[in-house]
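Please look over the sequence and the structure before reading on.

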Amino acid sequence: MSGAPGGMPVIAPMPAARPARIPSQRENAEETTAAGTTVDHLTETYRAHYRSLLGLAALLLDDTASCEDVVQEAFIRVHSARKRVRDPEKTLAYLRQTVVNLSRSALRRRILGLKLLSKPMPDMASAEEGAYDQLERDSLIRAMKGLQRRQREVLVLRYFADMTEAQVAETLGISLGSVKAYGSRGIAALRIAMGAPA
């Protein structure tokens with residue numbers, strides 16, 4: 001897979017199948033069921049939604065390089081499993097869900113690394129402004145880390161990625177009711193953790 005202008009991967013067309021015997025009706029039915037999304041449709045969806053997928057990863061991770069890696073890895077994984085995407089209209093949902101899953105894995109690895117290494121404080125331009133901003137950021141990060149994983153994911157997707165509850169449910173593979181419950185409990189827990197009035 002080689003790069004194209006704009007950093008998008010270029011996928012080589014699938015080699016044509018060699019002539020073989022005429023498939024039976026059963027085999028035709030199986031092929032139709034297992035056809036999945038096409039390479040062209042997947043590539044078009046990826047290109048059209050690349051920035052939004054990158055933005056989604058950016059809300060779960062904190063550096064651009066990791067976000068780009070996650071989004072490209074999501075494309076590769078969905079490409080490899082494209083026959084499982086029975087409804088081509090769900091291609092974007094599969095990409096989003098894969099981005100979320102890969103971001104989780106990256107965060108788990110990062111948390112393990114942070115436990116092993118202590119991170120120095122960054123340089124600040126203004127002592128007062130920098131200290132205040134850092135305290136607010138640290139407070140929010142601590143509060144978010146204290147949430148259950150699902151609560152954190154629902155809040156990030158709902159309020160930072162600006163998704164509807166239905167989109168969050170589809171992306172995370174949970175029910176609409178679960179999205180509402182996790183979101184409500186997550187906000188309540190954040191208020192308590194940050195000492196905000198209920």
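## Surface and source

How much of the accessible surface of the chain belongs to carbon and sulfur atoms? The share is 55% of a total of about 13300 Å², with areas computed by the Shrake-Rupley method with a 1.4 Å probe and, for residues, only the protein chains shown counting as cover.

The model is predicted: local features need pLDDT of at least 70, side-chain atom pairs count only at pLDDT 80 or more, and totals for chains, interfaces and linings use all residues. Residues are numbered from 1 along each chain as its sequence is written, and side-chain values use heavy atoms, with hydrogens and water left out.

## Overall make-up

The chain has 8 helices and 2 strands; these are DSSP runs numbered from the N terminus, helices being H or I of at least four residues and strands E of at least two. Read from the N terminus, the order is β-β-α-α-α-α-α-α-α-α.

Of the 198 residues, 31% are buried (under 20% relative accessible area, with a 1.4 Å probe and protein chains only). Among contacts (heavy atoms within 4.5 Å) with a separation of 6 or more, 64% are between residues 24 or more positions apart.

## The nonpolar core

A nonpolar core is a set of buried Ala, Val, Leu, Ile, Met, Phe, Trp, Tyr and Cys residues joined through side-chain atoms within 4.5 Å. The largest one here has 36 residues, and L53, V71, V99, L157, V168 and L172 have the most contacts inside it. Helix 2 (39–60), helix 3 (64–80), helix 4, helix 5 (127–145), helix 6 (149–160), helix 7 (165–172) and helix 8 (176–194) each supply at least two of its residues. Helix 2 gives the most, with 8 residues.

Beyond its neighbours within four places in sequence, V71 touches Y46, Y50, L53, L54, A57 and V99.

## S103 in helix 4

S103 lies in helix 4, which spans residues 91–116. Is S103 buried or exposed? S103 is buried because its relative accessible area is 0%. Neighbours within four places in sequence aside, its contacts are A57, L60, L61 and V70.

## Helix 6 against helix 7

The axes of helix 6 and helix 7 come within 10 Å and cross at roughly 130°; axes are lines fitted to C-alpha atoms over the stretch in contact, with angles from 0 to 180 degrees between N-to-C directions. Helix 6 is therefore oblique to helix 7, a term for angles that are not under 35 degrees (roughly parallel), over 145 (roughly antiparallel) or 65 to 115 (roughly perpendicular).

R150, E153, V154, L157 and R158 of helix 6 meet E165, V168, T171 and L172 of helix 7 in this contact.

Definitions and conventions
Buried means under 20% relative accessible area, exposed over 50%, partly exposed in between (1.4 Å probe, protein chains only).
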